[in-house]
Amino acid sequence: MHHRASSTGLPLPLVLTGLGVCAYAIAVFWSSRHPSALTLILAAVPFVSLTTVVVKGAVQDEMPVVQRVVRALPLVAVILFLAVAWHPLLNNVRLVYLADHLGVHTTLCWLFARTLLPGRTPLCTEFASWVHEDMTPQLLWYTRQVTKAWALFFGLIVLTSVVLFALAEFTTWIAFTTMVGPALTACFFLIENLCRSRFLPPKDRVGLAGTWRAVQARTQHKAPTPTSNEVRHEC
């Protein structure tokens, strides 16, 4: 059964994820203006979360216990580093936040950009193939352009972050990273959805709910089967 939020028609896990991101951004902004141990804890969350996701993807149930332990070492190393370096990091928490922001967005830029190299499948084309059995030339062209746009967008976010951190007040930088940046990302996503109705025919457009279910099915090693009522205009 796929859960939906009754007011938006979006899958409930997606809505909860969005609310969680907003709550985290607000907590970071508030904590940065009232430095404490909580400030560093919040700064460490992305590092621990990302490492956990990587380790979870690398560890398989059928692996021998020793191999699973070895693959879990990066998470253990991150936790030990935070414990040992807690006080130095607490005195330089601004640099931790900078590493957070630059690390995440540089990685996103790299993930999109690397797939534009010759012989590779653009990342957005790969995502679209999870939903569309028939990848038309128009859809292939569009998804390649969108991959370029996302790579450029995240690259500009990184550049802006560095400039603001170097030249502006820290409160201005933290406002950009926690409020403005996520808002720009959401706006960019909405604009891209609007562009679909301009550049793609209805059969090549799949709604957000359908895309979410296709991704969920893919990650669970199931074949995505979008139904006709999932295909709709993004407008």
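**Figure 1. His-101 in helix α6.** The place of His-101 is in helix α6, where helices (H or I, at least four residues) and strands (E, at least two) are DSSP runs numbered from the N terminus. This is a predicted model, in which local features need pLDDT of at least 70 and side-chain atom pairs count only at pLDDT 80 or more, while totals for chains, interfaces and linings use all residues. Residues are numbered from 1 along each chain as its sequence is written, and side-chain values use heavy atoms, with hydrogens and water left out. His-101 counts as buried because its relative accessibility is 9%; buried means under 20% relative accessible area, exposed means over 50%, and partly exposed lies in between (1.4 Å probe, protein chains only). Although His-101 and Val-162 are 61 residues apart in sequence, their C-alpha atoms are 9.7 Å apart in space.

**Figure 2. Helix α6 and its buried residues.** Helix α6 covers residues 93-113, and its 21 residues should span 30 Å at 1.5 Å a residue, which agrees with the 30 Å between its end C-alpha atoms; the expected span is 1.5 Å times one less than the number of residues. Among the buried residues of α6 are Val-93, Tyr-97, His-105 and Phe-112. The protein chain as a whole holds 10 helices and zero strands, and of its 235 residues 31% count as buried.

Figure 3. The structure holds nine aromatic pairs, counted where rings of Phe, Tyr and Trp (its six-membered ring) have centres within 6.5 Å, with planes under 30 degrees apart taken as stacked, over 60 as edge-to-face and the rest as tilted. The rings of Trp-150 and Phe-153 have centres 5.7 Å apart and planes at 85 degrees, so this pair is edge-to-face. Both residues lie in helix α8 (residues 137-167), three residues apart, or about one turn of the helix. Trp-150 is buried at 8% relative accessibility, and Phe-153 is buried with a relative accessible area of 11%. Ring pairs also link Trp-150 and Phe-153 with Phe-112, Phe-154 and Phe-188 into a cluster.

**Figure 4. A charge over a ring.** Arg-114 lies over the face of Trp-110, at 4.7 Å from the ring centre. A charge is taken to sit over a ring if NZ of Lys or CZ of Arg is within 6 Å of the ring centre and within 35 degrees of the ring normal.

Figure 5. The structure holds one salt bridge, defined as a side-chain nitrogen of Lys or Arg within 4 Å of a carboxyl oxygen of Asp or Glu. The side chains of Glu-192 and Arg-196 meet in it, at 3.0 Å from N to O. Glu-192 and Arg-196 both lie in helix α9 (residues 170-199), four residues apart, about one turn of the helix. An α-helix has 3.6 residues a turn, so residues three or four places apart point the same way. Both Glu-192 and Arg-196 are buried.

**Figure 6. A nonpolar surface patch.** Val-65, Val-66, Val-69, Val-70, Leu-73, Val-76 and Leu-80 make a nonpolar surface patch of about 630 Å². Patches are made of residues with over 30% relative accessible area and no salt bridge, with like charges joined within 9 Å and nonpolar side chains (Val, Leu, Ile, Met, Phe, Trp, Tyr) within 5 Å; accessible areas come from the Shrake-Rupley method with a 1.4 Å probe, and for residues only the protein chains shown count as cover. Helices α3 (65-71) and α4 (73-84) each supply at least two residues of the patch, and α3 gives the most, with four. Val-69 is found in α3 and counts as partly exposed, at 48% relative accessibility.
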